[in-house]
Structures are given as structure tokens and as C-alpha cells.
Amino acid sequence: MPSSPVLAARSLETVEAAALVVFLGGGDGEPGTARVLADASEALADELLDAVAALRLTGRADEVTVIPASPLLRASVVVLTGVGGDDAHEPTAEAVRRAAGAAARAAAGHPTIAVVPPSDAAALVGAAYEGAVLGSYSFTRYRPAKAEAAAVDVKVVTGKGRSKDVRAAVERAQVLTQAVAGVRDLVNTSPADLTPAVFADTARTAATGTKVKVAVADLKALRAGGYGGIVGVGQGSVNEPRLVTLSYTPARAKAHVAIVGKGITFDSGGLSLKPPAGMAAMKSDMAGAAAVLHTVLAAAELGLPVRVTGYLALAENMPSGAAQRPSDVITMRGGTTVEVLNTDAEGRLVMADALVDAVALAPDAVLDIATLTGAQLVALGTRVAGVMGTDGVRDAVVAAAGEAGEGAWPMPLPEELRAGLDSPVADIANIGDKFGGMLSAGVFLREFVGETPWAHLDIAGPSFNEGKPWGYTPKGGTGAGLRTLLAYLENVSATGVAQ
């Protein structure tokens, strides 16, 4: 882990940075009434309030203004960023995180950013750093000439720089932001450069020198092991599938959680071909596996006293003469037969194989995360994940998402949808009735979980932002789900209970 980015500055006038980020709270709703949420000298405070009045700033959330820095400061610009709220309530961590991210995006091009949290509370200091780092993210793999210019050094300014709680919060934020960046990098990578085999090698390399052990099953091993879902989905591609198992086993672990991630490195739909416009973002169909990889690595780096086993179910779904056909019947890991009615409903097939392995370990809980259905976007939009499963784990995951600042909503698994998955020739079909597609996919996965406490996260919308950047969320890969998974594991660490 790099050195702590905490600046224990005596005053804002002593902070050296190209851009200084100052938070504004909501005033009385009238333009020019925003409150400056920084402990500044009287002279500096007066100058900032004059700028607020002149620019008619309200301090509402998502309001970001860049102004020239006062001669009193050792900065080039000041970024004023709104968190909303009122005098009676301290801003939430997510409001601070989002405002810091928006400010960092507005400060693009400045090599150093110093963020002044609205208070010295450890949670808000950590959130300010987290948001600024996430907001300053850029993907430059294919534009190396821009890499140096895009690099940003983020510091957080606090009067409690020596506080153990503050430093712990920022150190956690460092681990978390590095993990989110890792997920974003994988999602943004061209699918030509991230085949299943390359993804597996990437996981092995990332785990080198950590407490995470990696095992990789290649095509030969998958066939021998009866992984009909992963083999069937991958058989249309020249790039062979893989199943990666990540194992973090700390001493005196309080619980054991298994996490399964969908890793379709590119999804053409197979013979049930997607329309061209629907394929452009399908390099992101491995976002679940990317989130699992970096969640396990982050849990190990943080030293969480929870055993975590991660599975990356990796395949490329392509059409060819060897591809899986609609009406094929495949035998899954564990023996369940599935009639494949739609080859574009492939994610649940690779996930089911890995879920069987996860359940076989008898963990306290199993989570799975996947860009599983377009129906998730219809139901919940692009920013809110759907969470299904057994009530206790489902609700614990939704609560963890709220703590992490990610959108998630509990969804049911109606029993009547199971009949729609009946097949006249196999144990189950891979698609159900027209309506409730997100829920039917969850019902399908439940068949492979049995009585194990379990939750399924559908992140089809939140995983990839095709619109404009907002808050700390960039265009492209977002890293969705990682912060939720990590918060869940931290809660299990604290309580010893995997709901």
C-alpha cells in the first residue's frame, strides 16, 4: 500500500496543490446562500463567501464551480462542490463521496488535488478521499501518450491527521479505490485483449505475493469435471473457457463466504445473435467476475477475518459452426440437465456450474454477481442493482450496498415463475416466460443453490455507464458491486454472522 495521503495541515493557506477542493452546504435555497464547509481563516472565508455570492451558488448536490485560487492560497484553482443538506445535519458519506468525485472530474488536468472534507469525522475524511480518487480515474491503456498527463495525486486535508481512526479510514479507502480501479480497468479492456485465458492469467498475476491462492481449470479439466454450462457457452469461440478459483483462508476465520462472478469476456449472444447496437458494450459482460477478483484481493489486503472463496466463470459467447444451438441439452456440474432455448441467456449457465462448486464447500453464505439480464435495466434502471435470494442474505447485501453508497433494491423470487422454466426434455430450461426476466433468472440460479443461504446481484445496468459521467462514476466501466461485496464481508467480520 502506498504511503498515507493524509495531510495534517495547520491551515488551508499552507496546503500545496494545483487544485483545492472545498465543499459547500445547501443554504436557504436561494442563489448565493451556500455555506462554506471548511475551517478557513477569516480572510479566506470572506473571499470564498464573496465568490459564492457573486456566482449565486446554492451548495446543492452536483453543483461544481472552478474559480481562480485566492492569493492567500498555494493552489492554482479552488473547486467549490455542493453536498446539499442543511445546517441541522452533517452531510452523508455518500453525499461527500459524490461531491468529491464531481470536483475531481472538474479538476481534470491538474496533477495534484487536495480535498478539504466538510468535517474531521473519520467516515467523511475517508469518503472525501475515496470520492476524489474514484472521480479522477482514467483509462489510458490504449492512449499511453495521455497516461502521464492523466495521473493525479490526491491528498486529503484534515486537522486530525494523526488520528488512528482517520488514518484507518483513509487507508481502507486506498485499498478500496485501487480495487475499484482494477475492476474498471478490466471492464474497459478490449475483449480481444481479455480472453478467458488472459483473464485467468491476470487473476494469477494479481494474486502473486498476496494471501490469495489461485487455481485455474482449463478446457480439458472443465470437460472432465462435467462443467457443461461453461463448456457449452464457450464452445463457439476459438478462445477456450476457464474456471478460476480464488482462496483466501485467514487463521481463525469467523465465517466462510463464497462469491461467484459471471465472466463472459464478450457476449455476441451466440447463435441467438444480439443486434449490432446491443453488442458494443458487451465487453462489460465480465464485470461480475472482475468484481469478485478484486473483492477477494481487497479482503486479503485488509486482513478481514473471513474465509472467502471466489469463482470466476470465464467464457466467450460467440457464434460459429461449433457453437451451442438453441434446443441443445447440456449436463451441468452436479448432473442437472438444461435445455438451452436461448444461447443469449448464457450467463446463468456458467454461473450455475460455479455455484455448484461453491455450495459443495458448505460455506455460511454464497453470493453471486452478474451482468445477467436486460430485464434488470427495465425494472431498476442503470444505477440500481437488483438483489434476490434468501431473505437474510439478500437484506444484508442490500444494507451493505446502502453503507457503501451503491444503489441496490431487494427483489422477490416468485414461486410461480418456476413453472415457466419447465422443459419437456430436461430438468429445466434456461429461459422462462416473457415477463419478469430478471426474477426468472434468479429462480434458475436458485435451482443450483439448494438450502445454502444465498444472494444474487444483477448489475447489468450499474456495471457500465454508457451515458455521461456523474459524481465519481466515469463513462465506461464503473466497478459496480465491489464496494457492496466488501462492505458485506466487513460486516461479517464485525459480527461473525453471514446472514
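Is phenylalanine 448 buried or exposed? Phenylalanine 448 is buried, and its relative accessible area is 7%. The model discussed here is predicted.

**Aromatic pairs**

A pair of aromatic rings is described by the distance of the centres and the angle of the planes. Two aromatic pairs turn up in a search of the whole structure. The table lists them.

| Pair | Centre distance | Plane angle | Type |
|---|---|---|---|
| phenylalanine 139 and tyrosine 142 | 5.9 Å | 70 degrees | edge-to-face |
| phenylalanine 444 and phenylalanine 448 | 5.3 Å | 45 degrees | tilted |

Phenylalanine 139 has 18% relative accessibility, so phenylalanine 139 counts as buried. Tyrosine 142 has 43% and counts as partly exposed. In the other pair, phenylalanine 444 is buried at 0% relative accessibility.

**Charges over rings**

Arginine 184 lies over the face of tyrosine 137, 5.1 Å from the ring centre. Arginine 383 lies over the face of tryptophan 470, 3.6 Å from the ring centre.

**Annotated positions**

An unreviewed UniProt entry lists Lys274 and Arg348 under "active site".

Lysine 274 lies in the loop between strand 10 (256-267) and helix 9 (276-279). Its relative accessible area is 16%, so lysine 274 is buried. Leaving aside neighbours within four places in sequence, the contacts of lysine 274 include Asp267, Met282 and Asp344.

Arginine 348 is part of helix 11 (residues 347-360). Arginine 348 is buried, with a relative accessible area of 7%. Leaving aside neighbours within four places in sequence, arginine 348 touches several residues, among them Thr373, Asn430 and Phe444. Phe444 also belongs to the tilted pair with phenylalanine 448.

Terms used: Residues are numbered from 1 along each chain as its sequence is written. This is a predicted model: local features need pLDDT of at least 70, side-chain atom pairs count only at pLDDT 80 or more; totals for chains, interfaces and linings use all residues. Side-chain values use heavy atoms; hydrogens and water are left out. Rings of Phe, Tyr and Trp (its six-membered ring) pair if their centres lie within 6.5 Å; planes under 30 degrees apart count as stacked, over 60 as edge-to-face and the rest as tilted. Buried means under 20% relative accessible area, exposed over 50%, partly exposed in between (1.4 Å probe, protein chains only). A charge sits over a ring if NZ of Lys or CZ of Arg is within 6 Å of the ring centre and within 35 degrees of the ring normal. UniProt positions are given in the numbering used here, feature names are shortened, and annotations may be inferred rather than shown by experiment. Helices (H or I, at least four residues) and strands (E, at least two) are DSSP runs, numbered from the N terminus. Contact means heavy atoms within 4.5 Å.
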